[in-house]
Amino acid sequence: MCGDLGTTSRICAMYSFTGILFTLFVGVLLQTQPMFITGLDDTEDAKENAFGAMGMFLATFGLSIFGIMRAKDDREELESTVDMGYQLSGNVGEFPSSRY
């Protein structure tokens, strides 16, 4: 399912983008209307933690974009070598005959 760098990076980027949106929502809610989130002893500490988590999601998103770009470059390089006509010579399915 996630056998290559490009696929893994795309899944991680989607997860990170969702995390960025959620932690941004929680951070803004804690900053503007903290009375709607109950059970918090220190809203300032919770707000800092929400924005800190958003920073980690941003870093993960950036690394995922880097992985997507790197996989794209690798795939283009592989396609360019295939287009040059490199292939095995002879019948690949048969074994060579013995000299003796």
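Which side chains does a polar contact of 3.3 Å join? The views below are of a predicted model, in which local features need pLDDT of at least 70, side-chain atom pairs count only at pLDDT 80 or more, and totals for chains, interfaces and linings use all residues. Residues are numbered from 1 along each chain as its sequence is written, and side-chain values use heavy atoms, with hydrogens and water left out.

**View 1. Lys-47 in helix α2.** The side chains of Lys-47 and Glu-44 are joined by a polar contact of 3.3 Å (a pair of N or O atoms within 3.5 Å, where within protein one must be able to donate a hydrogen and the other to accept it, and residues adjacent in sequence count only if both atoms are side-chain atoms). Lys-47 counts as buried at 16% relative accessibility (buried means under 20% relative accessible area, exposed over 50%, partly exposed in between, with a 1.4 Å probe and protein chains only). Leaving aside residues up to four places away in sequence, Lys-47 touches Gly-27, Leu-30 and Gln-31 (contact means heavy atoms within 4.5 Å).

**View 2. Met-54 in helix α2, residues 43-83.** Helices are DSSP runs of H or I with at least four residues, numbered from the N terminus. Met-54 is buried, its relative accessible area being 16%, and it touches Ile-20, Thr-23 and Leu-24, not counting residues up to four places away in sequence.

**View 3. Tyr-15 and Phe-57, an aromatic pair.** The whole structure holds 2 aromatic pairs (ring centres within 6.5 Å; planes over 60 degrees apart count as edge-to-face, under 30 as stacked and the rest as tilted). Tyr-15 and Phe-57 are edge-to-face, 5.8 Å centre to centre with 65° between the planes. Tyr-15 is exposed at 56% relative accessibility, whereas Phe-57 is buried at 19%.

Terms used:
Helix = DSSP H or I, 4+ residues; strand = E, 2+ residues; numbered from the N terminus. Phe/Tyr/Trp six-rings, centres within 6.5 Å; stacked < 30°, edge-to-face > 60°.
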